[in-house]
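Trainee: Hi! Could you walk me through this one before I set anything up?
Mentor: Happy to, let's look at it together.

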Amino acid sequence: MSQNGHKVIGTRPIRHDGVDKVTGRAIYGADIQLTGLLHGAIKRSPHPHARIKNIDTSRAEAHPGVRAVVTAHDLPQIADKLADLGEAIVNLRDASNNVLAYGKVLYKGHAVAGVAAINLHVAQEAVELIDVEYEVLPHVTGVLEAMEDGAPILHEDMKTTSMGEETDKVSNVANHFQHKMGEPDDGFAEADVVIEREFTTQTVHQGYIETHNATAHWNEEGQLTIWTSTQGAFSVRDQMAEILQMPVSKVKIVPLEIGGGFGGKISVYLDPVAALLSRMTGHPVKMTMPRDEVFEGTGPTPGSYLKVKMGATSDGRLTAATAYMAYEAGAYPGSPVGAGAGCIFTPYDIPNVQIDGYDVCVNKPKTNAYRAPGATNAAYATETVVDEISEKLGVDPLEFRVKNGAKEGTRRADGPVHPRIGCIETTEAALNSEHYRSSLAKSGNGKVRGRGVASGYWFNFNGGRSAISVSINPDGTINMLEGSTDIGGTRASIAMQLAETIGLEATDIKPYVVDTDSIGYTDVTGGSRTTFGTGYAAHATGQALIREMKERASKLWDVPADAIDFEDGVFSYRDDAEKRGSFKELASQAGDAGGPVVAQVSTNPDGSGGGAFATHVVDVEVDRETGKVDILRYTAVQDAGTAIHPSYVEGQMQGGVVQGIGWGLNEEYIYNDAGSMTNASFLDYRMPTTLDLPMIETIIVEVPNESHPYGVRGVGEVPIVPPPAALANAIYDATGVRLRDLPMSPPRVQKALAENGG
Amino acid sequence: MSKKVHVQTTINGESVDFLCEPRNSLLEVLRDDLDLTGAKEGCNNGNCGACNVIMDGRLVNSCCVLGVEADGCEITTIEGIGSAANLHPLQQKFLEHAALQCGICTPGFIVSAKALLDENPNPSEDEVRYWLAGNLCRCTGYDKIVRAVLDARNGA
């Protein structure tokens, strides 16, 4: 038995889909084979900003083996309409123009045409034969430059919305919003220490190892089926219906295994193109995206500029904070600046706050969600300023965080009041950790060492829609159909919650992720919602099965259903100890008392997804000669509410930490003056490898989320938030130099040390 | 399109003949012609290791080997390392340690780790980290992968 009286929750069973994945048998998006399959490729813009004067596809169409060529003129041109894709609100006209450029290309790599041919090589040859005539326009890739008067304008018809009102000003600033609480000027007047700093971060990519893919078949009856890797099959269905202007009933999405998403596999890129090519040819068409096109043609997370000011009294109380946050949206409006603004000061209880956010279009790919989108940029600024204030006040940075920590009842600057949260508990666990209590040995090799800490917050989405459909087999096992695609072990975490509810083992549940025609609408696997929201549905399904089994037992035993109890996995009749049976024993007979036992449940819980807080501790060693930063030890502490499968909670924490380390130390889109990304490969966009890292230690704190029957909080996103700031604080501790520009790569560190005598 | 070439190989212990264009990579042949889709394409230029196979005892990126170069070679893919009924110790340890999340990189890691253990049955953590640096994983942060490989060592 695990803790809290649970039998299944808190244990570490082998995941249901594990054997297929370690033996290479699991079928991912690109693995599907169909009869008569054609292969597609995309023609992309070589310019960051240009008007399309003409597209001549005749040479490509005449190339032997080519079956069809498609451009934006084959897509219905749709009006402005906003749609909620799960982690972001998008304008569907923009989404369509991002799939195939119409009128203008807005970034290098913007898709302009698609080809279907008998094999991939022929399709790629044909792409080179498409002649596009461009009028090249001036471009802008930096967020501050894009905000200047006179900057090249991406959308001539886009007027800035400011404080909720549309203005007459045409600019690249799509939106300016403000959150205000209290009187920041008064708060700063009370402060004894005030620190104001500027920060920049660069564009980074989610870097999932599986590239995007879509295989479409538009059959003779007009029914469209798409096999793809996605975080949300229903979200793909909705996007296809809108972009192609067809009824959802004509679209079926079959989600195959997905090789990583992190927010980047919600928007569609290839799917509509493959669908059009299939309609034109009558054949299924498969498209897979080369890695360089993933970097240049899909949605990374934005570069940003932040200015943060915070003030505290000499006795260590935060009195006021302000933030100016300008985030690059990329080619179309919709950066995660809003989410960043909701997170930026949220680990703290600060009475006077003002946050100004700017969503700014630049000639880069349309940004997309990436693990706690917007929050990492924000925490980099706040958490290094908090470190500086703690230092000025001469207090321990974690004790300062505990003293000023947010708790139940604290109001966020963007409005909501916290329910029960584990912010202070998490910080205290870091403070009391063996790592933080240990002393850091000096380096013996001329390098310098330092320790840094940082905290972070992510909302976790409020449940969302989930559906589960189950049938009980005569042997007492349960087939469980779900609509949540499984990116990192959620078949297991959801099946475990059903097993717990009805007193079975995790292995008694057989979970299947099924297509959009086979299950009720289910929101995306995103926002750290799946183990919370679909787990909530699994618990409700278990309750429904218990009610149904009581009905069956009532018939089998000829006793009233309301006199049957269910406890510890056993059904029993109160007045006769002979009349009792386990779930499995009853399952073998239940079919005789009313047909097969099935249940379908859908939920959309009102309560909070349970905010997630994390505090990290890192020890680094800095080589002053080269600027290289090595990580000696890393500990991540996080409130998981209740850890359903602790191994996969640890895995989320470790994976998030390492993505944050990559963001902090190395990863960036490097642009040249021509507006072209110069490092669009895994060789040059250098993600962390085994050799760059130590083991990542984890401490799971469990402050139950009161909105979930088992106390679950989402765990997937917040671990990426603290690392860049924790590393900056550790580098400062080692060298005496503060770095306020990401990434803190060897050249930047070396330059900063040289300039500051560190 | 150029003329196809007849290639004779041994794959996972079985004699396999195939026809391929000279420009086709071994990865393409495995996935598209031989239905061995366990090798994955993550980058197609030798940086991620998701397509790794063992060719005449050497670990290779199958995306960087031409199909025609495989003529006369013995190749082991993930499909030849173990099956559900007969898991290799590495596969068992990956499951027990929860050393996979999305799983797309897992076949490549297991093939690479097998090549390591074939050459050095008792590697240190540093040796494991050095050897596996050619395989990218974006989900796990590598912690549980390294632990799984260490736990699969002889006498571990």
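Trainee: How far apart do the C-alpha centres of domain 1 of chain B and domain 2 of chain B lie?
Mentor: Those two centres are 21 Å apart. Domain 1 of chain B covers residues 5-80, and domain 2 of chain B covers 89-151. Keep in mind that this is a predicted model.

Trainee: How many residues of domain 1 of chain B are in contact with domain 2 of chain B?
Mentor: There are 13 from domain 1 of chain B, and they meet eleven residues of domain 2 of chain B. Strand 3 of chain B (residues 52-55) gives the largest share of the domain 1 side, with three residues. Sorted by class, that side of domain 1 of chain B has eight nonpolar, four polar and one charged residues.

Trainee: And what is the average pLDDT of chain B?
Mentor: Chain B averages 97, and 98% of its residues score at least 70. For the model, ipTM is 0.98 and pTM is 0.97.

Trainee: In which sense do strand 3 and strand 5 of chain B pair, parallel or antiparallel?
Mentor: Antiparallel, over two bridges, with strand 5 of chain B spanning residues 74-76. If you want a pair to look at, find B:Ile54, which stands opposite B:Thr76 of strand 5 of chain B.

Trainee: New topic, the interface. How many residues of chain B are in contact with chain A?
Mentor: 45 residues of chain B, against 44 residues of chain A. On the chain B side, helix 2 (89-96), helix 3, helix 4 (125-131) and helix 5 (143-151) each bring at least two residues. Helix 2 of chain B makes the largest contribution, four residues.

Trainee: And how does the side of chain B that touches chain A split by class?
Mentor: It has 22 nonpolar, 14 polar and nine charged residues.

Trainee: Now chain A. What domains does the assignment give there?
Mentor: It gives domain 1 (3-26 + 462-603), domain 2 (32-137 + 210-259 + 265-297) and domain 3 (304-460 + 608-756). The C-alpha centres of domain 2 and domain 3 of chain A are 36 Å apart. Their contact takes 20 residues from domain 2 of chain A and 18 residues from domain 3 of chain A.

Trainee: Which element gives the largest share of the domain 2 side there?
Mentor: Helix 9 of chain A, with five residues. By class, the side of domain 2 of chain A that touches domain 3 of chain A has eight nonpolar, six polar and six charged residues.

Trainee: What's the strand order in the four-stranded open sheet of chain A?
Mentor: It's 23-22-21-27, with mixed pairing. Strand 23 (509-513) and strand 27 (598-603) of chain A are the edge strands, each pairing on one side only. The twist in that sheet averages 20° from one strand to the next.

Trainee: Which strands does helix 16 of chain A lie across?
Mentor: Helix 16 of chain A (residues 530-557) lies across strand 21, strand 22 and strand 27 of chain A, at about 145° to strand 27. Strand 21 of chain A (residues 466-472) pairs with strand 27 of chain A in the antiparallel sense over six bridges. In that pairing, A:Ile468 stands opposite A:Val601.

Trainee: One last thing: what does the hairpin of strand 24 and strand 25 of chain A look like?
Mentor: There are two residues between the strands, and A:Asp568 in the turn has a positive phi of about 50°. Strand 24 (residues 564-567) and strand 25 (residues 570-573) of chain A pair in the antiparallel sense over four bridges. The bridge partner of A:Ile564 is A:Tyr573.

Note on methods:
Residues numbered from 1 in each chain as written. Chains lettered and ligands numbered in written order. Predicted model: local features only at pLDDT ≥ 70, side-chain atom pairs only at ≥ 80, totals over all residues. Domains from an automatic or database assignment. Contact = placed C-beta atoms within 7 Å. Nonpolar A, V, L, I, M, F, W, Y, C, P; charged D, E, K, R; others polar. pLDDT = per-residue confidence, 0-100. Pairing = 2+ DSSP bridges. Axes fitted to C-alpha atoms, helices over the stretch in contact; angles between N-to-C directions.
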